[in-house]
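Subject: Structure handover

Hello,

The structure you asked about is below, followed by notes on what was found in it. Please read the notes with the model open.

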Amino acid sequence: MSAPKKLFIKTYGCQMNVYDSERMAEALGGEGYIETKSADDADMILLNTCHIREKAAEKVYSELGRFKGLKAEKPDLKIGVAGCVAQAEGEEIMRRQPLVDLVVGPQSYHRLPEMEAKARAGEKVLDTDFPEEDKFEKLKNRPKAKRGPTAFLTVQEGCDKFCAFCVVPYTRGAEVSRPADRILREAQDLVERGVREITLLGQNVNAYHGAGPNGDLTLAQLIWELDKIDGLERIRFTTSHPNDMQDDLIEAHGTCAKLMPYLHLPVQAGSDKILKRMNRSHTAESYIRLIERIRAARPDILISGDFIVGFPEETEEDFQATMDLVEEVKYGTAYSFKYSTRPGTPAAERAQVDSAAADDRLQRLQALLTRQQREVQDSMVGREVGVLFEKAGRLPGQMVGKSDYLHAVHVADCSRGIGELARVRIVSSGANSLAGELIS
Ligand code: SAH
Ligand code: SF4
Ligand code: F3S
């Protein structure tokens, strides 16, 4: 048997790309590839890219430039670009960077083995179609290898919302849900391989409506099916849209013990004028009322959000409305971004906000969000939480895991191993993590 070829994958962007990278590695595993952590000894390099902001997309070209020397030394080295930049700018990548042998869009990963063979034969290959078939169903080269305690599982892809700033509906295509039985089979398989916590992924995960035995299932119904799997201890999902937050899902947060008290619910802005211009189809008020209903079902739930500042036409007053909304909601975590103009999206054509003003707003928003995040984290001290241990800590005997609320928690002299779930009392709150003690 010939020596295995080595595959180096670098992943950018969202969790969905992390999941896709695992699937690509499995698909190429069937072609005799094993993964390597270093680009230097790779026979194939794949960049799984993100197009969400300009900076993310530009990284790809600078990263590719760095492989020039490597390719000169190793003419057999194949270089591929996958993900959302591949989808958006596939042909341009081929033109701008002759090093690239292969471009594959997010809906075509199941065709990677044939594409790899063509690239090996010296062809340049590009596939950015949106085929009808379920790529994940065709990507079934799964080795039964043991896995860590947490895993992502994509249940829904694409988006029909067309927020005025966003490339996702173009790079990932229309919203599609995977059938429930495939998801349940995959979850069962993950659990058999050691997984204790599954995070269901989708660009609009709460719009999930996959086929079930008696018609379509909602996300909440899918969660209740997953709840029946023995050995699966925790369920999470991301990312949700406020308008798809249905009653049964809110209720599940109060009644499903495996569903963790954490919800990522991006709002983007607090000004109704801006929300309207963003095509978000919710108001600040409706978002706040929604949070109230969710907190009524699960009072301790940790709310996480996404924000964009400096969206076209945003005034200082509009920005203040975002600050007011943040004050009202009180976020446990949040991701905030300066608006980045994306070619082809409606907002790109509008009056842009002065860049320095946007930087200043971002700084003020981040200061507020950081303060809130710290307050919520500090409020965990003295409480009893579940912790799923994921790895050994830096100190001897120390273990690190995530709380139900997704805070990093470390426990000294810990008698529990990786993959064990324990009750822990939080004793102190540090810069980025909590310290706790096992409750015997
Ligand atoms: N589907 C999710 C998020 C998709 S992208 C949702 O609906 O919220 C992740 C985040 O990136 C978005 O929530 C938004 O805050 C940010 N983002 C998207 N496009 C952006 C742009 N053009 N400039 C700056 N931030 C952007
Ligand atoms: Fe982008 Fe809006 Fe769809 Fe989220 S809901 S992926 S922000 S278009
Ligand atoms: Fe980026 Fe594509 Fe995800 S643009 S955020 S990798 S869906």
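Helices and strands here are DSSP runs, of at least four residues for helices and at least two for strands, and they are numbered from the N terminus. The model is predicted.

**Backbone points in loops**

With those labels, Thr239 falls in the loop that links S13 to helix H10 (247–255). The peptide bond between Thr238 and Thr239 is cis, with omega at about 0°.

Gln268 has a phi of about 80° and sits in the loop from strand S14 (262–264) to helix H11 (272–277). Asn279 has a phi near 65° and belongs to the loop between H11 and helix H12 (284–297). Are these residues buried or exposed? Gln268 has a relative accessible area of 7%, so it is buried, the cut-off being under 20%. Asn279 has a relative accessibility of 39% and therefore counts as partly exposed.

Which strands does S10 pair with? One is S7 (residues 150–154), which runs parallel to S10 and is joined to it by 5 bridges. Within this pairing, Thr150 has Glu197 as its bridge partner. Another is S13 (residues 234–238), also parallel to S10 and also joined by 5 bridges. Here Ile198 is opposite Ile235.

**The barrel**

A separate note concerns 5 strands that close into a barrel, in the order S17-S18-S19-S21-S20, with mixed pairing. On average, neighbouring strands of this sheet are turned by 50° against each other, direction ignored. Strands S18 (residues 399–403) and S19 (residues 408–411) are antiparallel and share 4 bridges. Val400 has His410 in S19 as its bridge partner.

**Helix pairs**

Helix H8 (residues 180–192) packs against helix H9 (residues 219–227) at an angle of about 35°, and their axes are 10 Å apart. Their crossing is right-handed. From H8, the contact involves Ala180, Ile183, Leu184 and Ala187; from H9, it involves Leu222, Glu225 and Leu226. That gives 6 nonpolar residues, no polar ones and 1 charged.

Helix H2 (residues 54–65) and helix H4 (residues 83–96) cross at roughly 35°, and their axes come within 11 Å. This crossing is right-handed too. Ala57, Glu58, Val60, Tyr61 and Leu64 of H2 meet Val85, Glu89, Glu92, Ile93 and Arg96 of H4. By class, this contact has 6 nonpolar, no polar and 4 charged residues.

**Ligand surroundings**

Around ligand 2 are Cys159, Lys161, Phe162, Cys163, Phe165, Cys166, Val168, Pro169, Asn204, His241 and Arg280. This shell has 7 nonpolar, 2 polar and 2 charged residues.

The residues around ligand 3 are Cys14, Asn17, Thr49, Cys50, His51, Ile52, Cys84, Arg172 and Gln203. They divide into 4 nonpolar, 4 polar and 1 charged.

Regards

Technical notes
Residues numbered from 1 in each chain as written. Chains lettered and ligands numbered in written order. Predicted model: local features only at pLDDT ≥ 70, side-chain atom pairs only at ≥ 80, totals over all residues. Heavy atoms only, no water. Near = heavy atom within 4 Å. Nonpolar A, V, L, I, M, F, W, Y, C, P; charged D, E, K, R; others polar. Pairing = 2+ DSSP bridges. Axes fitted to C-alpha atoms, helices over the stretch in contact; angles between N-to-C directions. Left-handed = near helix turned anticlockwise from the far one by under 90°. Contact = heavy atoms within 4.5 Å. Buried < 20%, exposed > 50% of the residue type's maximum accessible area, 1.4 Å probe, protein only.
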